[in-house]
Amino acid sequence: MIYTRKQEKIAQKIGQESTITNWKDWKWQIKHSIKSISTVEKLLGIQLKEEEKEKLKKTLEKFPLSITPYYLSLIDPEDFQNDPVFIQSFPSDKELKIASYDLNDPLAEEKDSPVPGITHRYPDRVLFHISNICSMYCRHCTRKRKVGDVDFIPEKANILKGIEYIKNHPEVRDVLLSGGDPFMLSDEYLDWILSEISAIPHVEVLRIGTRMPVVLPYRITDSLIQVLKKYRPIWINTHFNHPREITTSSKEALNKLADAGIPLGNQTVLLAGVNDCPKIMKSLFQKLVANRVRPYYLYQCDLSEGLEHFRTPVGKGIEILESLIGHTSGFAVPTYVIDAPGGGGKIPLMPNYLVSWGTHKVVLRNYEGVITTYQEPESYEKVFCDRNCDTCHLQLKISEGEENSVIGIEKLLSDHDNAISLTPSDNERIRRRKGKSK
Ligand SMILES: *Cc1c(COP(=O)(O)O)cnc(C)c1O
């Protein structure tokens with residue numbers, strides 16, 4: 001177990017008698033989370049200007065500060081202003097700047113919430129907020145509106161309402177536990193929630209979104225692993241944003257999870273001043289893969305209030321993908337997404353590789369700039385699909401549950417639905433039409 005000199009010094013400043021055993025105890029870490037600027041200064045041995053601190057007071061009233069001693073120990077005091085960990089955890093007066101297009105709940109999670117705690121946006125899966133608390137507050141939190149709300153863990157009666165909703169919706173086959181951080185719950189409470197959800201016959205997959213391996217890796221204890229191992233399959237997604245966050249301790253945490261047979265993914269947020277650089281991203285994703293973590297999503301920073309200074313143009317994300325696709329292992333490349341404001345869900349973005357298209361040929365380019373062609377078949381016997389699988393020669397006789405009504409582009413492409421266009425209902429032209437027919 002690693003315990004650096006720097007960590008030892010920080011621990012001793014927190015409490016004279018602090019030992020490595022305290023340091024590695026996640027509850028000790030949470031109990032001693034740093035909540036004030038003066039403590040940050042004291043523990044890191046840095047000094048901020050008085051006027052700077054004065055400016056931050058207002059930010060803290062709106063968006064409080066909380067950093068675990070472990071995460072703080074990763075900050076380089078020599079160059080803290082540019083430190084990725086510092087920028088992600090220390091307040092800035094820029095958070096008070098609200099752009100005209102900023103939204104309080106940009107992903108409309110509350111509008112798509114049938115019961116408290118559940119966001120049901122996609123056909124077959126739900127997001128389930130089982131905790132309102134985190135071990136540290138990320139300055140770039142998409143649920144910034146909730147940061148600093150009175151910390152609470154929903155009681156059983158409330159969790160049961162969410163579970164009841166899932167029970168009553170047989171189409172839900174994937175439940176994504178999120179928060180806050182689900183690993184803020186005790187092992188026993190988590191065990192109870194997991195057992196309740198996994199007992200629902202139509203739930204095939206459980207997912208947990210947590211930042212603990214990054215900000216408090218000591219949370220990944222052997223007893224937590226014992227709980228998680230009881231329920232399969234559980235997929236865990238974590239949230240590394242910079243290679244500097246990958247430490248001996250975080251690797252140990254990831255290793256424990258992977259050894260327990262838990263598939264690991266990572267969601268990175270593209271953040272100005274932290275990781276808006278192809279070199280940083282490539283190193284991050286390669287290190288994750290080396291630790292058996294599959295980069296899953298790269299998020300364009302949401303339109304939540306107070307995040308303007310973290311946002312990059314979309315072009316930065318595309319540029320980063322250009323530097324990854326083809327250049328490194330395919331599974332080291334995450335899907336770049338914008339989570340649509342208003343609740344449209346995640347929309348993937350990619351550089352263009354399709355240069356042109358004729359009747360039987362496509363022109364493509366590769367990552368090096370090679371322009372190539374792909375000859376399409378001269379004849380292709382289209383399989384007409386009216387969803388009457390009994391007459392189909394394809395061996396795809398899947399259960400009837402699959403025959404839901406189609407939506408979106410899928411609907412336009414199908415043979416069995418007569419829709420020829422998709423038009424938003426809230427549209428000037430459609431309103432005019434409606435007005436006329438009256
Ligand atoms: C991201 C998200 C999911 C999961 O989406 P995947 O693309 O399957 O990872 C589900 N529900 C909500 C509301 C989400 O934001």
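Colleague: Let's start with one side chain: is Gln29 buried or exposed?

Modeller: Gln29 counts as buried, because its relative accessibility is 0%. Keep in mind as we go that this is a predicted model.

Colleague: Where does Gln29 sit, and which residues is Gln29 in contact with once its neighbours within four places in sequence are left aside?

Modeller: Gln29 belongs to helix α3, which covers residues 26–31. With those neighbours left aside, its contacts are Trp23, Thr68, Pro69, Tyr70, Leu216 and Tyr218. Trp23 also turns up in another list: Tyr3 touches Glu8, Ala11, Thr19, Ile20 and Trp23, not counting residues up to four places away in sequence. Tyr3 itself is found in the segment before α1 (5–14).

Colleague: How many residues apart in sequence are Tyr3 and Asn241, and what is their C-alpha to C-alpha separation in space?

Modeller: Tyr3 and Asn241 are 238 residues apart in sequence, and their C-alpha atoms lie 23 Å apart.

Colleague: Tell me about His242, then. Is His242 buried or exposed?

Modeller: His242 counts as buried, since its relative accessibility is 10% and the cut-off for buried is under 20%. You will find His242 in the loop between β5 (234–238) and α12 (248–259). Setting aside neighbours within four places in sequence, His242 is in contact with Pro84, Val274, Ile280 and Leu284.

Colleague: Now helix packing. What describes two packed helices?

Modeller: Two packed helices are described by the angle between their axes and by the distance between those axes. Here, take α8 (residues 156–167) and α9 (residues 187–198): they pack at about 20°, with axes 10 Å apart. Angles under 35 degrees count as roughly parallel, so α8 is roughly parallel to α9. Their crossing is right-handed.

Colleague: Which residues make that contact between α8 and α9?

Modeller: On the α8 side look for Lys156, Ile159, Leu160, Ile163 and Lys167; on the α9 side, Tyr189, Trp192, Ile193, Glu196 and Ile197. By type, the residues of this contact are seven nonpolar, no polar and three charged.

Colleague: At what angle do α9 and α11 pack, and how far apart are their axes?

Modeller: The angle between α9 and α11 is about 10°, and their axes are 10 Å apart. That makes α9 roughly parallel to α11. From α9 the contact uses Asp187, Leu190, Asp191 and Leu194, and from α11 it uses Ser223, Leu224, Val227 and Leu228. This contact of α9 with α11 divides into five nonpolar, one polar and two charged residues.

Colleague: What is phi of Ala108?

Modeller: Phi of Ala108 is near 50°, a positive value in a residue other than glycine. Look for Ala108 in the loop between α7 (84–89) and β1 (118–119). Ala108 is buried, with a relative accessible area of 4%.

Definitions and conventions: Residues numbered from 1 in each chain as written. Predicted model: local features only at pLDDT ≥ 70, side-chain atom pairs only at ≥ 80, totals over all residues. Heavy atoms only, no water. Axes fitted to C-alpha atoms, helices over the stretch in contact; angles between N-to-C directions. Helix = DSSP H or I, 4+ residues; strand = E, 2+ residues; numbered from the N terminus. Parallel < 35°, antiparallel > 145°, perpendicular 65-115°, else oblique. Left-handed = near helix turned anticlockwise from the far one by under 90°. Contact = heavy atoms within 4.5 Å. Nonpolar A, V, L, I, M, F, W, Y, C, P; charged D, E, K, R; others polar. Buried < 20%, exposed > 50% of the residue type's maximum accessible area, 1.4 Å probe, protein only.
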